[in-house]
Amino acid sequence: MSERIKILTVAIVLLALASIVPHTTSFVVLLATRALVFAILAMSVDLLLGFTGLASMGQAAYFGIGAYLAAILATKYHFGLGWDFWLVVLLGLLLGAATAAFFGLFAVRATGVYFLMITLALGQCVWGLAYRWNSLTGGDNGINVTVRPNFGLDLTNERTFFFLVLGFFVVTLASLYVLVRSPFGRSLEGIRERELRMSILGYNTWLHKYIAFIVAGAVGGLSGVLWAHTNGLVTPDTVVLTTSVDSLLMVVLGGAGTLVGGAIGSAIVFGLREYLSTLVPWWQYVLGAVYVLTILYLPMGLMGLPARLRQWRAGRSKSEDGQTLAPVQS
Amino acid sequence: MNAQFWLIQIFNGISYGALLFLVGSGLSLIFGVMRIVNLSHGSYFLLGAYVALSVIWTTGSWLLAIPVAGLAVALVGLVMERVFLRPLGFDPLRQVLLTVGFAFLFQQASLDIWGGNNMEIEAPAALSHSIVVGGLYLPLFRVFMIAMALVIGIATWLAMEKTRMGAAVRATVDDAQMARGVGIDTNRISMFIFALGAFLAALGGVIGGTFLGVYPGLDFEMLPFAFAVVIIGGMGSLGGAAIGAMLVGLADNFGKALFPELAYFTLYAPMVLILAVKPTGLFGRE
């Protein structure tokens, strides 16, 4: 598939989503909105995992920071409920980026398993603050965000809100797409493939990773701001380890290094968790099995399925020739 | 805050650290030998507690519950390692995600089998009162936790330092490739260590379940603590796990007593610093 057809496909799917979802029940609209918010978070994970080769286990930290920011401003200061909502979005991006800039000083040096562990620990730091800092975060009870912003657009309307989140999703997707297609994005992929070679070529690999980390933090903060208003309740559960793990799984499930893969993963996870769970009590077996099977048999995720099928068909017709004739690299 | 306050806090911290040692040492061994970040480790803890509940319901014996839960969960770990983890090869991300997938499966299974209510494991009557030492009331169960961790810790240490098997394990931690080169069956070592890690976690589960209660979600509550122990102490080092567990136990207790609002922050922030400065932990081998 050429790049143009891919973009066209994504655009058609998004248009279909925009035209079908608003005509369904409000339950489905809410479900789609939630899945889209998590899709934005998943894209931030994908920027690190799929393009830079860094598996972050603490992405919920930025998500939580954005969510608490919006919730605290809305409930304590009545800020961000009118036009100033856009200021809160900006603040969420900035605070996410600033936190990532600070955390990145510790995390970005680490590689492999150690990066995983240190991001886990950083995520737990934020969780610890959310859980115990009662006077600011409301502790275990969290913060109820009862009203949604209204600035001409009345976001209390589920369908209007869905369109807003969809808009944010599209803008984020487009921006990150431009980013990963830029020379900067290419050098990230180079770092993912072989960091040593990139640094020998003269790239400052630490700085590249650090910038990717900050961008991912900003996007995470944005998704958090949206989550506060989607969910209406921000608790330490927003920042808990399983949220980070979920976003990572969504990316792997859909396909890392594709940006939209995370959205597919998010749709599946939310579909199973919130829709299947209303039908059958054993939905979590399905979710667990989907994870286990994906990891065992689809390392490239669902987006890798067509390539995998092609490879399989080609393998049957052309035997092993393709393998040996592959260009010799490195 | 007089001396009594400090002594009680230290005692509480050490006894909680003893529990953390049981959970963390297994995780540390697994990581040290196999470089697997095992996110099902919290599930082993919770499963241990649940199996213990079943044993107590049928036989009424708390003491019997300890080995039964340990062995049952060790078997679960063994199967997981042999059937699912080994074919994956060395890919940290896939290992992590696979173990999370299993953690979700275990979560649902225990919800189905044991229900979603908070449950209590009764401690044996002999352990449910307090003793008085120098004017301090010390709950006997906490004393038992410390003793248990000491016994298990010393037994594991002796096994690691004094037996042939232990030497093979240490060789595998230091350099797996070299160990294979001199004829050590590292596959068997991995299997053994994974089962041992699960066994220790389940043991911790029985004791921790008696101490904290048993409820869904306890698995992912214990997991970050276990990681803190491993990271602070150093991965793959038993002595490191012991010191890490004591530090985490004390930091947790004093954090909660002195700066309640920053309690968990005071625990995880040092973890970040140690990882940033010395990724292998305070006592980990390079």
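This is a predicted model: local features need pLDDT of at least 70, side-chain atom pairs count only at pLDDT 80 or more; totals for chains, interfaces and linings use all residues.
Let's start where chain A and chain B meet. Chain A brings 37 residues to this contact, and chain B brings 34 residues. On the chain B side, three helices each supply at least two residues: helix H4 (92-114), helix H9 (218-233) and helix H11 (265-277). The largest share comes from H4(B), with 13 residues. What kinds of residues make up the side of chain B that touches chain A? Sorted by class, there are 28 nonpolar residues, along with three polar and three charged ones.

Now stay in chain B and look at two of its helices. Two packed helices are described by the angle between their axes and the distance between the axes. For helix H1 (residues 3-34) and helix H8 (residues 186-212) of chain B, the axes come within 8 Å and cross at roughly 165 degrees. An angle over 145 degrees counts as roughly antiparallel, so H1(B) and H8(B) are roughly antiparallel to each other. Their crossing is left-handed. The residues of this contact include 18 nonpolar and six polar ones, but no charged ones.

Finally, move to chain A and find Ala256(A), in the loop between helix H11 (241-254) and helix H12 (260-279). Is Ala256(A) buried or exposed? A residue counts as buried if 20 or more other C-beta atoms lie within 10 Å of its own; Ala256(A) has 28 such neighbours, so it is buried. Leaving aside residues up to four places away in sequence, Ala256(A) touches several residues, among them Asp46(A), Leu49(A) and Gly301(A).

Key
Residues are numbered from 1 along each chain as its sequence is written. Chains are lettered from A and ligands numbered from 1 in the order in which they are written. Two residues are in contact if their C-beta atoms, placed from the backbone, lie within 7 Å. Helices (H or I, at least four residues) and strands (E, at least two) are DSSP runs, numbered from the N terminus. Ala, Val, Leu, Ile, Met, Phe, Trp, Tyr, Cys and Pro count as nonpolar, Asp, Glu, Lys and Arg as charged, and the others, Gly among them, as polar. Axes are lines fitted to C-alpha atoms, for helices over the stretch in contact, and angles run from 0 to 180 degrees between N-to-C directions. Angles under 35 degrees count as roughly parallel, over 145 as roughly antiparallel, 65 to 115 as roughly perpendicular and the rest as oblique. A crossing is left-handed if the near helix is turned anticlockwise from the far one by less than a right angle, and right-handed if clockwise. A residue is buried if 20 or more other C-beta atoms lie within 10 Å of its own, exposed if 12 or fewer, and partly exposed in between; C-beta atoms are placed from the backbone.
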